[in-house]
Amino acid sequence: VCSSDLDVLGSLVELRKSDARFAGLTFDVREGIVSLFGTTTRDADVWNFADLARRLPGVKEVVVRVGSR
């Protein structure tokens with residue numbers, strides 16, 4: 001894991017904490033590619049998190065591997 005991935009990871013943790021809708025999400029970062037895992041109540045919540053994550057510095061791509069409950 002490179003230092004920029006650690007920065008992205010820290011930003012993702014803060015983003016998840018910012019909204020209770022994101023509490024069921026987990027993620028992994030490798031070479032700027034964010035993989036999202038977990039479950040949410042609504043599909044829109046996953047896509048909202050993915051959209052916000054894409055805007056973070058150091059993020060090259062977001063891969064969604066999440067289901068809804």
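Predicted model: local features only at pLDDT ≥ 70, side-chain atom pairs only at ≥ 80, totals over all residues.
A contact, as the term is used here, means heavy atoms within 4.5 Å.

Begin by selecting the entire protein chain. Among its contacts with a separation of 6 or more, 54% are accounted for by residues 24 or more positions apart. Orient the view along the principal axes: the C-alpha trace spans about 35 × 20 × 15 Å. The radius of gyration of the protein chain is 11 Å, which agrees with the value near 11 Å that a compact globule of 69 residues would have.

Of the 69 residues, 30% count as buried.

The protein chain contains two helices and three strands.

Then select residues 43-54, which form helix H2. At 1.5 Å a residue, its twelve residues should span 16 Å, and the end C-alpha atoms are 17 Å apart, which agrees.

Within H2, which residues are buried? Show the side chains of Asp45, Val46, Phe49, Ala50 and Ala53, for these are the buried ones. Finally, turn the view to look down the axis of H2: the buried residues fall within an arc of 135°, so they line one face of the helix. An α-helix has 3.6 residues a turn, so residues three or four places apart point the same way.

Note on methods. Residues numbered from 1 in each chain as written. Heavy atoms only, no water. Helix = DSSP H or I, 4+ residues; strand = E, 2+ residues; numbered from the N terminus. Expected span 1.5 Å × (residues − 1). Buried < 20%, exposed > 50% of the residue type's maximum accessible area, 1.4 Å probe, protein only. Arc of directions from axis to C-beta. Rg over C-alpha atoms; globule rule 2.2 N^0.38 Å.
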